[in-house]
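Please read each point beside the coordinates.

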Amino acid sequence: MAKRRLITIITLMCIAMFGLAALQYYWIKEAIQERKSHFEQEVGELLTNVVKRLEQQEVLQVTKRYLDDISVTNSDINVRYDSVKQEAYWTSKQNIKISQTISSDKLAKQGIAYKVQEKAEIKKSGKATKTMLSNIEGSKYGMNDSTNQPQVVSNITSDSTARKRLDIAMDLIMKKTDLVNQVVSEMILAENTMLQDRVNFEMLDSLLSQEIENKGLKTVYDFAVLQREGDRETVIMSSNVERNAKIIKSAYHVTLFPKDLFDNSNTLYLEFPQENKFLISKMRFVLFSSLGFILLTLLTFIFAAKTIIDQKRISEITNDFISNMTHELKTPISTVALATEALMDPDVQKMPSITGRYLSVIKDENQRLSRQVERVLQIARIERGDLKLRNVDVDMNKIMQVAYENTLIKIEDRGGQLSFNWAAGEVNVKGDELHLSNIIFNLLDNANKYSPEAPKIDLSAIRKKEMLEIHIKDEGQGIPREHISKIFDKFYRVPTGNVHNVKGFGLGLSYVKNIVEAHKGNIRCKSELGKGSEFIIQLPISENGQD
């Protein structure tokens with residue numbers, strides 16, 4: 001996959017992802033704002049209801065007090081009936097007495113109290129007439145009634161019950177009129193009363209709690225009442241004194257007793273410390289669903305991008321592997337071809353010494369090819385989980401000694417040095433001798449190949465508790481820091497461009513790591529570019545081979 005095409009795909013995926021996330025964020029923000037507006041409206045309504053109920057309670061208290069102070073007495077009704085004119089005349093007298101004591105805390109401090117007594121006499125009079133009606137029922141059915149004379153229907157009666165009802169009705173009218181006048185008077189006087197005398201903390205808290213519950217706003221709240229006198233502001237009532245500064249800055253507030261004629265300087269503030277948490281809890285399902293889908297989309301995008309990048313990397317590794325394999329296989333094949341062609345020469349065939357030399361070359365190159373193919377097959381078996389290990393007690397000292405002696409010849413040919421130090425005592429490792437031997441040869445071979453000049457390599461082993469620790473250290477070209485975590489990946493080789501001065505398939509370290517882990521050990525690498533590398537292997541010591 002071309003690099004430009006890969007960049008284009010990832011860029012488009014990023015734009016789509018961020019666009020989707022931004023759109024989802026916009027809708028979530030709008031939903032929260034709408035919920036907040038609804039919340040603000042509900043709070044405004046509940047504050048208005050609280051103020052109305054406060055005023056209603058104050059009016060009811062004043063009215064009740066006056067109802068207890070008003071008394072009405074009635075005089076008898078005098079009725080005079082004129083039989084000639086068929087008319088009746090009546091008169092009535094009502095005596096009303098009202099007593100009232102006006103006082104308040106403010107007046108009490110000045111030693112003043114007002115007591116008012118009022119008397120009133122109301123006279124009422126009226127006239128009633130009789131009306132003559134014909135006998136309608138008799139005329140309708142043609143009845144001949146000799147007693148069919150005009151009847152007198154009167155709208156008055158001498159029944160004392162009717163007169164009493166009239167008196168009661170008139171009394172109620174007068175009482176209501178006076179009551180309204182008195183209540184209005186006291187309400188005006190109450191404006192000069194201290195707010196604490198008009199409303200108390202428990203009453204206000206109870207009303208707020210009821211209204212908040214009615215609105216379904218079940219969350220923590222604080223309230224305070226702020227009194228203004230000129231430029232002076234005083235919090236005279238609060239549910240949480242420590243938070244007064246925040247409470248009086250709340251956007252939710254209302255004027256107490258707004259219908260007062262002269263004083264409306266008291267303000268009730270309501271604040272919700274967990275307002276945002278409450279709003280989010282009301283939208284929990286929507287928010288979590290949206291965030292879940294955004295996260296799922298993001299993970300899908302990351303997985304897709306990683307898959308594309310991995311596929312590109314695998315493609316590059318595969319191409320490098322094919323290129324390296326071509327170089328690795330081309331040399332022995334060319335050598336075998338040349339040796340075979342030489343053997344076909346009749347003159348060469350007559351010289352046994354030369355023939356034997358060419359046959360030896362063909363054999364060596366054939367073995368070299370076999371080893372390369374076997375290495376690839378071993379990696380394939382490890383990947384499939386088909387690797388079979390022969391678990392026996394292995395003398396690692398002997399294996400490392402053989403590897404040291406065989407490698408020493410190659411290093412000395414390059415003018416280098418190889419040292420070996422065994423300081424682990426008499427210990428064995430449980431495992432497969434062939435594969436354990438291969439990992440030591442492989443690491444020594446790499447240390448030699450990646451040392452540009454005369455190699456300087458140290459091979460050593462020590463014991464750490466129940467582990468055998470093997471060190472292979474060189475002073476070669478080293479490995480860049482960003483590639484150290486990848487050198488154990490299959491087919492991976494540190495990039496060198498088109499330069500193939502070091503032969504290999506990128507399978508050696510992957511094979512070493514798999515074999516070490518198959519023996520329940522571990523391997524790590526410490527390297528610095530230009531200063532060399534050190535590979536450290538830890539293998540568990542066999543219980544039967546401890547000293």
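1. Gln367 counts as partly exposed, at 36% relative accessibility; buried means under 20% relative accessible area, exposed over 50%, and partly exposed in between (1.4 Å probe, protein chains only). Gln367 belongs to helix H11 (residues 352–384), where helices (H or I, at least four residues) and strands (E, at least two) are DSSP runs numbered from the N terminus. Between Gln367 and Pro332 the C-alpha to C-alpha distance is 9.6 Å, with a sequence separation of 35 residues.

2. The model is predicted: local features need pLDDT of at least 70, side-chain atom pairs count only at pLDDT 80 or more, and totals for chains, interfaces and linings use all residues. Residues are numbered from 1 along each chain as its sequence is written, and side-chain values use heavy atoms, with hydrogens and water left out.

3. Eight aromatic pairs are counted, where rings of Phe, Tyr and Trp (its six-membered ring) pair if their centres lie within 6.5 Å, and planes under 30 degrees apart count as stacked, over 60 as edge-to-face and the rest as tilted. The Phe39 and Phe272 pair is edge-to-face because the ring centres are 5.2 Å apart and the planes stand at 75°. This pair joins distant parts of the chain, 233 residues apart: Phe39 is in helix H1 (residues 3–67), and Phe272 is in the loop between strand E9 (266–271) and helix H8 (275–282). Phe39 is buried, at 2% relative accessible area, and Phe272 is buried at 3%.

4. Phe272 also forms an edge-to-face pair with Tyr252, at 6.0 Å centre to centre and 70° between the planes. Tyr252 lies in strand E8 (residues 252–255), 20 residues from Phe272 in the chain. Both Tyr252 and Phe272 are buried. Together with Phe39 and Phe278, these residues form one aromatic cluster.

5. The largest nonpolar core has 40 residues; such a core is a set of buried Ala, Val, Leu, Ile, Met, Phe, Trp, Tyr and Cys residues joined through side-chain atoms within 4.5 Å. Met396, Ile439, Ile440, Leu468 and Ile470 have the most contacts inside this core. Elements that each supply at least two of its residues include helix H12 (396–413), helix H13 (433–449) and strand E14 (467–474). H12 gives the largest share, seven residues. Beyond neighbours within four places in sequence, Ile470 has contacts (heavy atoms within 4.5 Å) with residues including Met396, Met400, Ile440 and Phe535. A second, separate core has 28 residues, among them Leu46, Leu54, Tyr252 and Leu270.

6. Four strands form an open sheet in the order E7-E6-E9-E8, with antiparallel pairing; two strands pair if DSSP finds at least two bridges between them. Strand E7 (232–238) and E8 are the edge strands, each pairing on one side only. The average twist is 25° from one strand to the next; axes are lines fitted to C-alpha atoms, for helices over the stretch in contact, and angles run from 0 to 180 degrees between N-to-C directions. Six bridges connect strand E6 (residues 222–229) and E9, and Gln227 stands opposite Asn266 in E9. Helix H6 (residues 201–214) packs on this sheet and touches E6, E7 and E9, its direction making about 125° with that of E6.
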